[in-house]
Amino acid sequence: MPWVHVVVRKINLLASRITVSHAAIPQIHMPAMTINFPVADTTRLATLHEGDEVDIQCEHRGGAVGVVNFRMWR
């Protein structure tokens with residue numbers, strides 16, 4: 001899975017979701033947008049803050065796109 005650069009807009013720890021702004025993700029046929037994704041690894045979700053720039057990896061799971069990995073952008 002390719003890494004996609006995003007900016008964190010909102011974090012919802014209770015729902016295990018993150019809202020991000022991102023460029024187009026051609027591998028999953030998604031245009032540039034701000035979108036809310038479910039996050040698989042909620043323990044690391046708590047380390048993020050609004051405005052952080054991170055790279056994420058997404059994949060289709062059960063008909064929905066979700067974040068399966070992320071790393072801090074440097």
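Let us begin with Asp 55, which is buried, its relative accessible area being 10%. Please keep in mind that this is a predicted model.

With which residue does Asp 55 form a salt bridge? The partner is Arg 71, and the closest N and O atoms of the pair are 3.3 Å apart. Asp 55 belongs to strand S4 and Arg 71 to strand S5, residues 64–72, so the pair ties together parts that are 16 residues apart in sequence. Arg 71, for its part, is partly exposed, at a relative accessible area of 37%. In general terms, side chains of opposite charge can pair when their charged atoms come close. The count of salt bridges comes to one.

Strand S4 also holds Gln 57. Is Gln 57 buried or exposed? Its relative accessibility is 10%, and because the cut-off for buried is under 20%, Gln 57 counts as buried. Beyond its neighbours within four places in sequence, Gln 57 is in contact with Met 1, Pro 2 and Trp 3, and also with Gly 66, Val 67, Val 68 and Asn 69.

Finally, I turn to Gly 51, located in the loop between helix H1 (42–45) and strand S4 (53–61). Gly 51 is partly exposed, with 47% relative accessible area. Setting aside neighbours within four places in sequence, Gly 51 is in contact with Val 7 and Val 8. Val 6 lies 45 residues from Gly 51 along the chain, and the C-alpha atoms of these two residues are separated by 9.6 Å.

Thank you for your attention.

Key
Residues numbered from 1 in each chain as written. Predicted model: local features only at pLDDT ≥ 70, side-chain atom pairs only at ≥ 80, totals over all residues. Heavy atoms only, no water. Helix = DSSP H or I, 4+ residues; strand = E, 2+ residues; numbered from the N terminus. Buried < 20%, exposed > 50% of the residue type's maximum accessible area, 1.4 Å probe, protein only. Contact = heavy atoms within 4.5 Å. Salt bridge = Lys/Arg side-chain N within 4 Å of Asp/Glu carboxyl O.
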